[in-house]
Amino acid sequence: MILAFNGSPRACGNTATMLQAALDGAESAGARTRLVQLYPLKYKGCVSCFSCKLKSGRHGHCAMRDELSLFLDMMEEADGIIFGSPVYYGDVTPELLALEHRFLFSHMLYNRENRWVFPRRIPSAFVYTFGVTADLADSVVGRFATIHARMGEMLGVKSEICYSANAWQFSDYSLYEADRYDPAEKKKYHDEVFPEDCRKAFDMGRRLALMKEQA
């Protein structure tokens, strides 16, 4: 199964739409898929209990039990994982970051060798949406290079990245304090470019599913 996690508070917004496109791509290659909405779940980030580092402990397992636990367990059996988030103030949402931290940290040991304990090689990908224009996209996405590298290192396959810039945020811009934006230009971009970004997400999801077949 290919799992996708929506770190946006909007269950049907830009991020969710791109994630669903990626899952549609995976399904076109024969994969089973599931889209998980993180915002309705009740959970916390890593509490640094170090249970996952104990020599007598269960490595690769987060000892915290809450509404995220089921999905952390499912990630152990997944054929691929896609993380999605809008970018707020230069970062992903706290909900997605908490998931990333608990997944990564529980699989990392403080050893010189055999640092990662995830048992298999599976692909992963990241989907980002943000309001700034496409010319600033590289600088926005580049901020997350460390977590991309760590996820790829842990899972044994370099992570893919797909994003959409210049996000259409309001159905009626006249109702909001947002005169830095040209609503007509935003709408044009959304109508013409966002579908192409979703197509890229579809292709990415298909590649993730096909990687399983080639493994």
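Modeller: This is a predicted model. Start with the side chains of strand 4: Ser124, Phe126 and Tyr128 point one way, while Ala125, Val127 and Thr129 point the other way. Residues on both sides are buried.

Biologist: How many residues of strand 4 are buried?

Modeller: Six of the six residues in strand 4, which spans 124-129, are buried, so the strand is mostly covered; buried here means under 20% relative accessible area.

Biologist: Which strands pair with strand 4?

Modeller: Strand 3, residues 80-86, pairs with strand 4 in the parallel sense over six bridges. Strand 5, residues 160-164, also runs parallel to strand 4, and five bridges join them. To find such pairs in the view, look for residues that stand opposite each other. Pro86 is opposite Thr129 of strand 4. On the strand 5 side, Ile161 is the bridge partner of Phe126.

Biologist: What is the handedness of the crossover from strand 3 to strand 4?

Modeller: This β-α-β crossover is right-handed, and the chain passes through helix 3, residues 94-106, on the way.

Biologist: Now the surface. Which residues make the nonpolar surface patch?

Modeller: Tyr39, Tyr88 and Tyr89 make the patch, which has an area of about 410 Å². Tyr39 sits in the loop that lies between strand 2 (33-37) and helix 2 (69-77).

Note on methods: Residues are numbered from 1 along each chain as its sequence is written. This is a predicted model: local features need pLDDT of at least 70, side-chain atom pairs count only at pLDDT 80 or more; totals for chains, interfaces and linings use all residues. Side-chain values use heavy atoms; hydrogens and water are left out. Patches are made of residues with over 30% relative accessible area and no salt bridge: like charges are joined within 9 Å, nonpolar side chains (Val, Leu, Ile, Met, Phe, Trp, Tyr) within 5 Å. Accessible areas come from the Shrake-Rupley method with a 1.4 Å probe; for residues, only the protein chains shown count as cover. A salt bridge is a side-chain nitrogen of Lys or Arg within 4 Å of a carboxyl oxygen of Asp or Glu. Helices (H or I, at least four residues) and strands (E, at least two) are DSSP runs, numbered from the N terminus. Buried means under 20% relative accessible area, exposed over 50%, partly exposed in between (1.4 Å probe, protein chains only). Two strands pair if DSSP finds at least two bridges between them. A crossover is right-handed if, with the strands pointing away from the viewer, the path from the first strand over the helix to the second runs clockwise.
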